[in-house]
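Student: Hi! Could we go through this chain together? I'd like to start with what sits around one residue.
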Amino acid sequence: MAFAGKWTFSKAENMEAFILAAGGKPDVAKKGDTVSTTLDCSRDGDYYVVKITGPQGSAEQKFKLGEPFEEDFKVIGKTRKSVASIDGGKLVIKGVEAGTVVETREVIGDEMVLTLSKDGVDVVGKRYFKRA
């Protein structure tokens, strides 16, 4: 699994604009381009585990590919039901309800790019992480 390991935030593009356009809270949006987080990605049997740690606490996404799971989606300040898949080497997590944010993680060399998109929103947000 190319995603396995620890990743540290290095930069962001358009996160504040994306979060606002996607309906997120202004106080969360302001932090989107600057908040430093670490990701710890691993496998636990059939489960994928993504632990996200930042200055205001931590969250965990634990899921099996193709099976719905509940996640605390802090980018927009809501809990949602999501489904994860691997598509062309990219880890894609999207809400099961129409019109929700899609998270796509892709490893390119020693960098992981997290792209956030949403149908009907012209802005795409990106966060970049370096392998720790």
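Student: Leaving aside its neighbours within four places in sequence, what is Phe 129 in contact with?
Tutor: Its partners are Trp 7, Thr 8, Phe 9, Ser 10, Thr 37, Leu 39, Asp 110, Glu 111, Met 112 and Leu 114. Contact here means heavy atoms within 4.5 Å. Before we go on, this is a predicted model, where local features need pLDDT of at least 70 and side-chain atom pairs count only at pLDDT 80 or more, while totals for chains, interfaces and linings use all residues. Residues are numbered from 1 along each chain as its sequence is written, and side-chain values use heavy atoms, with hydrogens and water left out.

Student: Okay! How many residues does the largest nonpolar core have?
Tutor: That core has 23 residues. A nonpolar core is a set of buried Ala, Val, Leu, Ile, Met, Phe, Trp, Tyr and Cys residues joined through side-chain atoms within 4.5 Å. Phe 18, Leu 39, Cys 41, Phe 63, Met 112 and Phe 129 have the most contacts inside it.

Student: And which elements give two or more residues to this core?
Tutor: They are strand 1 (5–13), helix 1 (15–21), strand 2 (38–44), strand 3 (47–54), strand 7 (90–95) and strand 9 (111–117). Helices (H or I, at least four residues) and strands (E, at least two) are DSSP runs, numbered from the N terminus.

Student: How many helices and strands are there in the chain?
Tutor: The chain has two helices and 10 strands. Reading from the N terminus, the order is β-α-α-β-β-β-β-β-β-β-β-β.

Student: Is Tyr 48 buried or exposed?
Tutor: Tyr 48 counts as buried, at 11% relative accessibility. Phe 63 is buried too, with a relative accessible area of 1%.

Student: Why is the pair of Phe 63 and Phe 69 called stacked?
Tutor: Their ring centres are 5.0 Å apart and their planes are at 25°, so the pair counts as stacked. Both Phe 63 and Phe 69 are buried. Ring pairs join Tyr 48, Phe 63 and Phe 69 into a cluster.

Student: Nice. Now charges: how many salt bridges does the count come to?
Tutor: There are seven salt bridges, each being a side-chain nitrogen of Lys or Arg within 4 Å of a carboxyl oxygen of Asp or Glu. Glu 71 and Arg 80 form one of them, with their closest N and O atoms 2.9 Å apart. Both Glu 71 and Arg 80 are buried.

Student: Which residues are linked with those two in a network of salt bridges?
Tutor: Glu 103 and Arg 105 are in the network with Glu 71 and Arg 80.

Student: How far apart are the closest N and O atoms of Lys 90 and Glu 106?
Tutor: They are 3.9 Å apart in that salt bridge. Lys 90 lies in strand 7 and Glu 106 in strand 8 (residues 102–108), so the pair ties together parts that are 16 residues apart in sequence. Lys 90 is partly exposed at 30% relative accessibility, and Glu 106 is partly exposed with a relative accessible area of 28%.

Student: What does Arg 131 form a salt bridge with?
Tutor: Its partner is Asp 110, with the closest N and O atoms 3.8 Å apart. Arg 131 is in strand 10 (residues 125–131) and Asp 110 in the loop between strand 8 and strand 9, 21 residues apart. Arg 131 is partly exposed, at 34%, whereas Asp 110 counts as exposed, at 54%.

Methods: Buried means under 20% relative accessible area, exposed over 50%, partly exposed in between (1.4 Å probe, protein chains only). Rings of Phe, Tyr and Trp (its six-membered ring) pair if their centres lie within 6.5 Å; planes under 30 degrees apart count as stacked, over 60 as edge-to-face and the rest as tilted.
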